[in-house]
Each structure stands twice: as structure tokens, then as C-alpha cells.
Amino acid sequence: MTLSLPRNALSIAELDDLGHDGVVRFVRGLEEAGHRMVWIPEVAGREAFTTAALVLQSTTELIVGNGVARALERVPKSAASAARDLAGGYPGRYVLGLGVSGAVRERGVGPLPFLRDYLDGVEAILPRAVPRVLGAYSEGITRLAAERADGLLTFLVTPEHTRWARETIGPDLFLSVVQWAVVGRSRAAARDVARERLAYYLTLPHQLAKLTRLGFTDADLTPPGSDRLLDALVAYGTPDQVRESLRQQYDAGATQVAISLVGPLDDTKLDAYRALAEQEN
């Protein structure tokens, strides 16, 4: 299917740190501000599909994507059944996102054959009308997205990677890029905030491999990460300046850019969410 989703979206990692009521208040606030779509990463603390259900039932029109649900966390039948129920209960508002890391090699299989087999299991249960995207960086899984999914979701990448991904998947496939941003701080302070979050990703072999392919050196990738690395991966400044930075990803071939605001969920960040929504409307 041709996947038609809002040009602008959010990726909201804050949910890992919020309880049930906090999630409800937060996502309702995003919708009331004017945001139309969120991707929910599955990193720590929250299960992908129950969290998607909570966000969907707490809002009225917000489109929700698992961005991405980790295939290693559940068998294909469980993922497909959950996605089928969410799509049926909230027509037009749910997107299944799936991904797998190099950790799957501990099971004696590579990420590409694992995910290919996993999709076989999903497709046996999930109607083709339910949209699905793959999270990918490698050439193999990027091509798999073009063959077996409705779109590709990338994360922590430069516009150069986006240009490569677009060339790899062709001109028509949906391509969403999750873009980190820090709003309302000086560049030096923004770097410090981003480094705190980046520290985790600089411990992950598949992220290090991706960033190495993008031309970053061991000096860049040695914790806490170089200024060059931070400046290439993070948009800084006012809401207007952040939106201007996103043009590089669109120009490189992104269909959608999903902003992920880095830093604590304080009044400054909430103000930034509202200001970014105002720019969309």
C-alpha cells in the first residue's frame, strides 16, 4: 500500500519515565497542542503494544506508530495479533513498526534472515491492510523494507544516510527519519543534554557500526562522543531553527521527519512541544 502519514511527527521517548496517568496527561497535551502523529520507541520500561493501546485510547485523533517494537521481545504471532487488534479498534490511527538488532546473532542467526522469517509469521496473521514499517540501517534490511513493508523508519542518522536510504528503497516508499533536537538552550548546554542520552547508544554495537559507516571515527564515537558527532546528529536552537534544520532531511529524501526532543520533561520542553505544533498549524 502507499502509506500516507503526516509530514511532521514526534518520537516520544519520555513515556519510559512516566506512569499511567503521566502518559495520559502527556499525550493528551500533545494532541491538544496540535500534533498529529507520534512514534513510540521500545527502549526500556514500557512494552510496545500495551503502550500504543494506552496512547490510542487516551487521545481521539492522534496517529500512533510503534517505532519500533523489538521483534526479539515477542514471537510473530503475538506481534501480529496485537497489531491486528489495535488497527481494528482504531481505524486509520495505528502503524506497526518492527525492528531487530545485532543481538539476534546470539541465537545463531543474522538480523536479515531472522526478520525475513519473522515477517513470514506476521503476515500469516496480520491483514495486509494494516500498515507496517521496518526500522533499519543496514542495506539488507533496508531492501527488505522495500520488498515486504510499507515504509522505512530510521533513527540517529545524518542526511547523508537518508539520501542513501532513499536511493536504496526507491522514490515511492514511505521514509520517516527520527531526528534528535534540543530546544531553548545554548549550543554548549544542548550538547551536554544530548550527550547524556547518546551515552547509551555509544554502547550498542549496531549503532557504532552504523555511525562508523557514516564516516565517524573511533575518536568521535568514544564516550561521551565528539562535538562533531553531536552537531551532525542533533538539531539545536529555537523551534524555528530546529524546523529549518529538518529541511536537510527532507531535501535528502525523507517523507516524514519525527522530532525527538532530548532532555528532561520540564516546562522548557513542554513549551517547545507547543511551539513546534504551532509551526505545523
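**Helix packing**

Guide: Pro 76, Ala 79 and Ala 80 of α3 meet Tyr 118, Gly 121 and Val 122 of α4, where contact means heavy atoms within 4.5 Å. Helices (H or I, at least four residues) and strands (E, at least two) are DSSP runs numbered from the N terminus. The model is predicted, so local features need pLDDT of at least 70 and side-chain atom pairs pLDDT 80 or more, while totals for chains, interfaces and linings use all residues. Residues are numbered from 1 along each chain as its sequence is written, and side-chain values use heavy atoms, without hydrogens or water.

Visitor: At what angle do α3 and α4 pack, and how far apart are their axes?

Guide: Two packed helices are described by the angle between their axes and the distance between the axes. For α3 and α4 the angle is about 50 degrees and the axes are 8 Å apart; axes are lines fitted to C-alpha atoms over the stretch in contact, with angles from 0 to 180 degrees between N-to-C directions. The two helices are therefore oblique to each other (under 35 degrees is roughly parallel, over 145 roughly antiparallel, 65 to 115 roughly perpendicular, the rest oblique). Their crossing is right-handed, that is, the near helix is turned clockwise from the far one by less than a right angle. By class, the contact of α3 with α4 has 5 nonpolar, 1 polar and no charged residues (Ala, Val, Leu, Ile, Met, Phe, Trp, Tyr, Cys and Pro count as nonpolar, Asp, Glu, Lys and Arg as charged, the others, Gly among them, as polar).

Visitor: Is Ala 80 buried or exposed?

Guide: Ala 80, in helix α3 (residues 76-89), is buried, with a relative accessible area of 0%. Buried means under 20%, exposed over 50% and partly exposed in between, with a 1.4 Å probe and protein chains only. Not counting residues up to four places away in sequence, Ala 80 touches Val 122, Ile 125 and Leu 126. By contrast, Arg 128 is partly exposed at 42%, in the loop between α4 (111-123) and β6 (132-135).

Visitor: How do α1 and α12 pack?

Guide: Helix α1 (residues 20-33) and helix α12 (residues 267-280) pack at about 30 degrees, with axes 9 Å apart. That makes α1 roughly parallel to α12. Phe 26, Leu 30 and Ala 33 of α1 make the contact with Leu 270, Tyr 273, Arg 274 and Ala 277 of α12. These residues divide into 6 nonpolar, no polar and 1 charged.

Visitor: Which residues touch the most other members of the largest nonpolar core?

Guide: In soluble globular proteins, nonpolar side chains tend to be buried together. Here the largest nonpolar core has 98 residues, and Ile 12, Trp 39, Phe 49, Val 55, Tyr 94 and Leu 134 touch the most other members. Such a core joins buried Ala, Val, Leu, Ile, Met, Phe, Trp, Tyr and Cys residues through side-chain atoms within 4.5 Å.

Visitor: Where is a peptide bond cis, and which residue has a positive phi?

Guide: Most residues other than glycine have a negative phi, and most peptide bonds are trans. The bond from Gly 67 to Val 68 is cis, with omega near 0 degrees, and the bond from Pro 223 to Pro 224 is cis, with omega near 10 degrees. Val 68 lies in the loop between β3 (63-66) and β4 (69-70). Leu 156 has a positive phi, near 60 degrees, and is buried at 2% relative accessible area, in the loop between β7 (151-155) and α6 (159-169).
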